[in-house]
Amino acid sequence: MINILISGIFGHMGRTVFEIVSEDEQTQCVCGVDLKKGELCGVPVYADFADVKEKTDVVIDFSSASNLDNILAFAKKTGAAVILAATGYTSVQLAQIDAAAKEIPLFKTANLSVGINLLQKLVRQTAAFLGENFDIEIIERHHNLKKDAPSGTALMLAESANEAFADSKKFIYGREGMVGARQKQEIGIHAVRGGTIVGEHEVMFAGDDEIITLSHSARSKRVFAAGAVRAAKFMCGKPAGKYDMQDVLADE
Ligand SMILES: NC(=O)c1ccc[n+]([C@@H]2O[C@H](COP(=O)([O-])OP(=O)(O)OC[C@H]3O[C@@H](n4cnc5c(N)ncnc54)[C@H](O)[C@@H]3O)[C@@H](O)[C@H]2O)c1
């Protein structure tokens, strides 16, 4: 049995992960951490990682980027593997994550769905195939409660496209006013917010007289929660290092 701590357990994603962990025969949720202490279906929830007494194999974090220091300190102290699923990390935090991965097994991805990870590969291949003659624009759509923009997934897709150009492209976040003609080195990234949209990503390659569009639409948050549990099973017992969904899929 894999012992899981869910960080951000009272949130939308945390509760969905709790459901899936509870339904899975190989995993159990031993406790949670959130801003306020309490309990969920009899499982203790702490407001501070320092209060956790339960033996933890894997921490699944769906809280917020602001919780990073606490999670890394807990993992270093206990040896637990970490699934970082929150988004919105600063560049300083990303460097902190890379440094921590030298000491602990750490999984990080902006998107836990299998479909998005396939899309990432397709975007890289398409960008390499089409080259400089096609303009790349990324449009993401999410619900009206999402706090960070653009989505971590949109950035991940932009970086995958940029790999095909040896990271020479410049990301442009939305456009307004007299911005002038589009420059060849731009990758445009646009965030749309509204209603209860779970998560939609569209990568458009616009050429002369033709457009290719690659897109993914998540229809339920369960797809991300199921990906997190899949990643937790993969990460249990792994040596220190940085892992992502491509490692999980390759292993399976
Ligand atoms: N990687 C993915 O595939 C994926 C998919 C969906 C959402 N997300 C990300 O997961 C995060 C959570 O999304 P959500 O929709 O569940 O949000 P939410 O606001 O519903 O839930 C967040 C929960 O975390 C708790 N929390 C916030 N800061 C905390 C802190 N410092 N310490 C402890 N608990 C804290 C909140 O109280 C809340 O219960 C967001 O960053 C979102 O972008 C990632």
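Residues are numbered from 1 along each chain as its sequence is written. Because the model is predicted, local features need pLDDT of at least 70 and side-chain atom pairs count only at pLDDT 80 or more, while totals for chains, interfaces and linings use all residues.

**Domains**

The protein chain is divided into domain 1 (2–108 + 221–251) and domain 2 (114–218), with bounds that come from an automatic or database domain assignment. Their C-alpha centres lie 28 Å apart. The contact between them takes 8 residues from domain 1 and 8 residues from domain 2, where two residues are in contact if their C-beta atoms, placed from the backbone, lie within 7 Å. On the side of domain 1 that touches domain 2, the elements giving two or more residues are H6 and helix H7 (245–251); helices (H or I, at least four residues) and strands (E, at least two) are DSSP runs, numbered from the N terminus. H7 gives the most to this side, with 3 residues. By class, this side of domain 1 has 3 nonpolar, 4 polar and 1 charged residues, with Ala, Val, Leu, Ile, Met, Phe, Trp, Tyr, Cys and Pro counted as nonpolar, Asp, Glu, Lys and Arg as charged, and the others, Gly among them, as polar.

**Helix pairs**

Two packed helices are described by the angle between their axes and the distance between the axes. Axes are lines fitted to C-alpha atoms, for helices over the stretch in contact, and angles run from 0 to 180 degrees between N-to-C directions.

| Helix pair | Angle | Axis distance |
|---|---|---|
| H1 (residues 12–23) and H6 (residues 222–235) | roughly 55 degrees | within 9 Å |
| H4 (residues 114–130) and H5 (residues 152–163) | about 30 degrees | 7 Å |

H1 and H6 are therefore oblique to each other, whereas H4 and H5 are therefore roughly parallel; angles under 35 degrees count as roughly parallel, over 145 as roughly antiparallel, 65 to 115 as roughly perpendicular and the rest as oblique. H1 passes H6 in a right-handed crossing, and H4 passes H5 in a right-handed crossing; a crossing is right-handed if the near helix is turned clockwise from the far one by less than a right angle, and left-handed if anticlockwise.

In the contact of H1 with H6, residues including Met13, Val17 and Ile20 of H1 meet residues of H6, among them Phe224, Ala225 and Val229. This contact divides into 9 nonpolar, 1 polar and 1 charged residues. In the contact of H4 with H5, residues including Leu119, Val123 and Arg124 of H4 meet residues of H5, among them Met156, Leu157 and Glu163. Here the classes are 7 nonpolar, 3 polar and 2 charged residues.

**Ligand shell**

The ligand is surrounded by 23 residues, the closest being Gly8, Gly11, Met13, Ser63 and Asn67; a residue counts as near if its C-beta atom, placed from the backbone, lies within 6 Å. H1 gives the most to this shell, with 3 residues. The shell divides into 10 nonpolar, 12 polar and 1 charged residues.

**Backbone features**

Most residues other than glycine have a negative phi, and most peptide bonds are trans. A cis peptide bond joins Ala149 and Pro150, with omega about -5 degrees, and Pro150 lies in the loop between strand E8 (135–142) and H5. Ala166, in the loop between H5 and strand E9 (170–173), has a positive phi near 50 degrees.
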